[in-house]
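Please look through the model below before reading on.

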Amino acid sequence: MLFKHVQRRIYFCCSLLLLLPFFSQGQQQTAVFTNPLLPSGPDPWVIQQDTNYFYTNTFGSHIALYKTSRMSGLGKVTPVTIWVPPASGPYSKDIWAPEIHYINNAWYVYFAADDGHNENHRIYVLENRAANPLEGRWVFKGKLADTAADKWAIDASVFSYKSVLYCIWSGWEGDTNGRQSIYIARMKNPAELEGHRVLISTPTYAWEKQGAPPVVNEGPEALVSPAGRLLITFSASGCWTDDYELGLLTLRPGGNPLNAADWVKSPVPVFETAAANGAYAPGHNGFFISRNGKESWIIYHANAAAGQGCGGRRSPRMQKFTWNKDGTPNFGAPAAINTPIQKPGGE
């Protein structure tokens, strides 16, 4: 009997040893994810609150949110529609680039829309005072515009810097589509601008003018470095080209965000097509911090093949980035699709 008992223990231990590689493989699989996060998702945006992330992108006909505790698991979440536009009117069509922000204990969504005619695109605001943006009631607050220069505008984002709230967006100088530039304005409150818009970037370098006309700067996003430097990334060149890429504006030390002369543009793009990685025309990004609070991440869209343009084949991807000694971000090259990447810390 003793022999049989020992024999059974030996068999059991041997079985565990045989299974260890599978357990190890399972642990490795749960520690990684692959890009893209979703099959489609132009203009991705994410915000973190407590242990949750709220994600959205351009759907065109409505606004929807994803709620997840793990950005690496975004593809397993079902989006919830939070707002459907009226059947007609100035903000009924072409709902582009929504962003959700939490300001003064309320949720706000900024989006661009028109009446079916692109030249009428403007920025609009929704508000929700519920603790959870998937609950409560979204209230339409109106148009967000400089009353002295109510011109074509898309891709709004807001940020606070030194306790002042600002809005940045892409707009036309006049009423014709020849050039998209980046504008900034101070905000009176989360649904109103204060003062007039200031132009802080317009296409000047060759890498910003691919696909012209028109020439394009769009999708501005604010980023504050660990040392407190204020930066703005933006997407340059036509999204219909494979040359769509990210540029960078840096505010001079002690500079005023509303003074155009205090912004310095990088002479070269900071994030661009990596054909070998299946990442064409990367752009229109956002930023978030990992759940463990230690890692900086960029989320962006890109195409998997050349010549896919501005449509629904643009998919959201994300990757960790580092910081240069001068306080500017180092995004590296767009990560290869379908290749394991370590999940954000804390996931």
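**Notes on pockets, cavity and sheet**

1. The largest pocket holds about 590 Å³ of space. A pocket here is an open set of points on a 1 Å grid over the protein atoms alone, with protein on both sides within 12 Å along at least five of seven lines, and lining residues have an atom within 4 Å of a point; grid points are joined across faces, edges and corners, and a volume is the space filled by probe spheres set on the points.

2. This is a predicted model, in which local features need pLDDT of at least 70 and side-chain atom pairs count only at pLDDT 80 or more, while totals for chains, interfaces and linings use all residues. Residues are numbered from 1 along each chain as its sequence is written, and side-chain values use heavy atoms, with hydrogens and water left out.

3. Of the 24 residues that line the largest pocket, Trp 45, Val 158, Phe 159, Ala 222 and Phe 287 lie nearest its centre. At least two lining residues come from each of β2, β6 (93-103), β10 (153-161), β14 (215-224), β18 (280-289) and β20 (315-323), where strands are DSSP runs (E, at least two residues) numbered from the N terminus. By class the lining of the largest pocket comprises 17 nonpolar, six polar and one charged residues, with Ala, Val, Leu, Ile, Met, Phe, Trp, Tyr, Cys and Pro counted as nonpolar, Asp, Glu, Lys and Arg as charged, and the others, Gly among them, as polar.

4. The second largest pocket has a volume of about 410 Å³, and among its 19 lining residues Trp 96, Ile 154, Glu 218, Cys 239 and Cys 310 lie nearest the centre. Its lining divides into nine nonpolar, six polar and four charged residues.

5. One cavity of 30 Å³ or more is found in a search of the whole structure, a cavity being a set of points where a 1.4 Å probe fits but cannot get out. The largest cavity contains about 70 Å³ of space; its lining includes Arg 122, Lys 143, Asp 146, Trp 169 and Arg 197, and by class has six nonpolar, no polar and six charged residues.

6. β2, which contributes to the lining of the largest pocket, also belongs to an open, antiparallel sheet of four strands in the order β2-β3-β4-β5, where two strands pair if DSSP finds at least two bridges between them. The edge strands, β2 (45-49) and β5 (80-83), each pair on one side only. Between β2 and β3 (residues 52-56) the antiparallel pairing runs over five bridges, and Gln 49 stands opposite Asn 52 in β3.
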